[in-house]
Amino acid sequence: MMAANAHRAGNLAEAERFFRMALQAVPTHAPALAMLGIVLAQQGRAAEGVSFLAQAVKHAPDYGNWFNYGLVLRAAGHADKAVQAFAKASKLHRAEPQAAWEAGVTLRGLDRLADAALAFDVVCQRDPGSPTPWIEAGRTHLAAGQAGPGLDRLREALRRFESDDDVCRAVCLALESVTFRRHDPAFQAALGRWAAMPDDKPVWFGGSLLGLLTLDPALMPVLAAARDGGGFADAAVTDGTLQPLFACQPLRNLMASDVLADPDFEILMLAVRRTLTRYVAGGQALAADAHAFLLGLALLADAGEFVLPEDDAVAGPAFALAESLAADIDTGMATERFAERLAVIGCHRPLVKLPVATRLAALALTTPDPLLARLLDVAVVDPLRERQLRGQVIQITAIEDEVSLAVAGQYDENPYPRWFNPPAVTPTRSDEWLRAAFPHAAFSPHALTPQRILVAGCGSGWQAFCTARLYPDAEILAVDLSLTNLAHALRAQEKFGFANVTFRRADIMRLGELGGSFDVIQSNGVLHHMGDPLAGWTALDSVLKPGGLMRIGLYSEVARRTLRVIEDFAKEHGFGGDAAGLRGFRAAALALPEDHPVRLVVRSKEFYSLSSLRDLAFHVNEHRFTIPGLAAALAQLDLTFIGFQLHHQLSASLYRNRYPDDPAQTDLGHWAAFEEDNPHTFAGCYDFWCAKPER
Ligand SMILES: C[S@@+](CC[C@H](N)C(=O)[O-])C[C@H]1O[C@@H](n2cnc3c(N)ncnc32)[C@H](O)[C@@H]1O
């Protein structure tokens, strides 16, 4: 009794003492044996606890004891035996899902994915009213290469919990590595629904939805007609030819929120843009679906920064529509026709450049048409506000370095990354997250719960806001060279909050002059754009506290080999990084045969907006690193490598299987060999954490 009370009150040492006393009196008392094992595990002494649970199951082999034995075995590092214990428990109580669940989790940790999936299937049978088992079973079957059952479980989750947005989101996330081979209305609808949610989405998301839409029998005829080059006559707007396209809600949702990174859809959009421009410029009104589609087309043009080729056949009539806009506004016009005229112009040119831009901004608040409101918001209100904010950016260092000035110039012309939805809420605290991500690393306390963080080269604010999500209690200084990027960040801050971030204009090279010291520094995708990346890294190191942490992202020479081919092609053909050069490059790449190595670029999302294409392959200054080069730099700066932040779990498990002797995954020699054999591992960047020794 006293032991149980002490345990309930959280006094574990006291509880241990009482349970030991009870066992002195009755050494085979199964409840006391089990509780002592649990209490020991709760004090971080699972290895000691194992033998007591082993005795407990011997004397009382019931569900609870086998279940707890499994938990303590797992905590003590005996995952295989834990699985057996959970299996015993699961057999003893066939209605109870928890033991099967823990078996699944443990098996997944052991990379025994097919077995884990079967365990999650058992949980689905026993607890069908809860969405998590269906999603886990689906994800795990897919990870085990069992697409059929994986997709079935996910479909079942959608069917059973059809109005639950969280389930929809989780199912969509589980589809990451799925390539659909046939039309699938359930997943098409789910991805389309997710497109309309104001979440930030992973980079593969749009491609996944477009892949499905390509297989949709309702869209196939229009895609084929556009590909065959025939275009669409005006009659196609009303005779039903284009109706399946106009009515496709998943596609419309995607168009209103992202680029369409697919060459066939680009051809289709060009053809439909031409037809709708002609139609609306000819004075005709659209039905509801076509109206919504046209506004989506204008949003799409804005998201891609007018990356599509100009269309001389219809640009003239489109711009002629601009002449009547002021008169329309004067007459209190917010009619549908007005929205359509405006959208047609917005399909070809930035609306913010219209002489009536300020008057349009005022309309964003009053229009009853949500799509028009969104178009006005992103294409007029936000850019106008950014123009104002540009003049209010506070500069805290000189910017004189030649490369810094050139880089600032590039991002001022082509702000990057362009983003619209705020980062998702981080479910875990930073210290828990870091400990879980790098369980073998030693961290200083101030690195785990930092007070001051520097985001060096924060771009348009995205990374700073992600950091603010993870560290809500820290004070974050985010610096960048580019006024346009910083204005975007400040505007986003007005919209989304994140009051703990301060944005300033500064050159990393001069940060040492400010004398600040930070617990954590993050710099992703930045140092490789400096004249001397190691000098930049040294400047960052000079403002990092002893024991502090850095998260750095650097381009990989190996991963970017294919890009070198693309860059050489662009140079050879004289395509520069200005809008004309980028459009010229795009046209040339799209005209290449499918098997040409440069043609690969048309499959990347970056190909579908001007600034991301420039950042990808037309940068004014770019260095690339190798893993041995990285190791040398870390040694020179006396920084300890903590580990890579891997963007695909598969890489971690492949590495684990190949190098079981390196559980911390910190051997850079091994990683160099691994990358040679898996050249896409660091396709984004070498994204890694390193620490400065305590003095
Ligand atoms: C590719 S963007 C990355 C932005 C951001 N870190 C992210 O991951 O979204 C590179 C940014 O680094 C900034 N940058 C490059 N050199 C810099 C320097 N010397 N000082 C400050 N910022 C710099 C550029 O202005 C640009 O905004």
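Begin by selecting Met-550, which stands opposite Cys-690 in strand E7. The model is predicted: local features require pLDDT of at least 70 and side-chain atom pairs pLDDT 80 or more, while totals for chains, interfaces and linings use all residues. Residues are numbered from 1 along each chain as its sequence is written, and side-chain values use heavy atoms, with hydrogens and water left out.

Next, display strand E5 (residues 544-554) with E7 (residues 686-691); the two pair in the antiparallel sense over six bridges. Strands here are DSSP runs (E, at least two residues) and helices likewise (H or I, at least four), numbered from the N terminus; two strands pair if DSSP finds at least two bridges between them.

Widen the view to the open sheet, where seven strands follow the order E3-E2-E1-E4-E5-E7-E6 with mixed pairing. E3 and strand E6 (640-644) are the edge strands, each pairing on one side only.

Now select strand E2 (residues 475-480), in which five of six residues are buried (under 20% relative accessible area, 1.4 Å probe, protein chains only). E2 pairs in the parallel sense with strand E1 (residues 452-456) over five bridges, and Ala-456 stands opposite Val-479 in E2. From E1 the chain passes through helix H27 (residues 462-470) to E2 in a right-handed β-α-β crossover: with the strands pointing away from the viewer, the path from the first strand over the helix to the second runs clockwise.

Finally, move to strand E3 (residues 501-505), which pairs with E2 in the parallel sense over five bridges. Asp-480 stands opposite Arg-505 in E3.

Conventions: Buried < 20%, exposed > 50% of the residue type's maximum accessible area, 1.4 Å probe, protein only.
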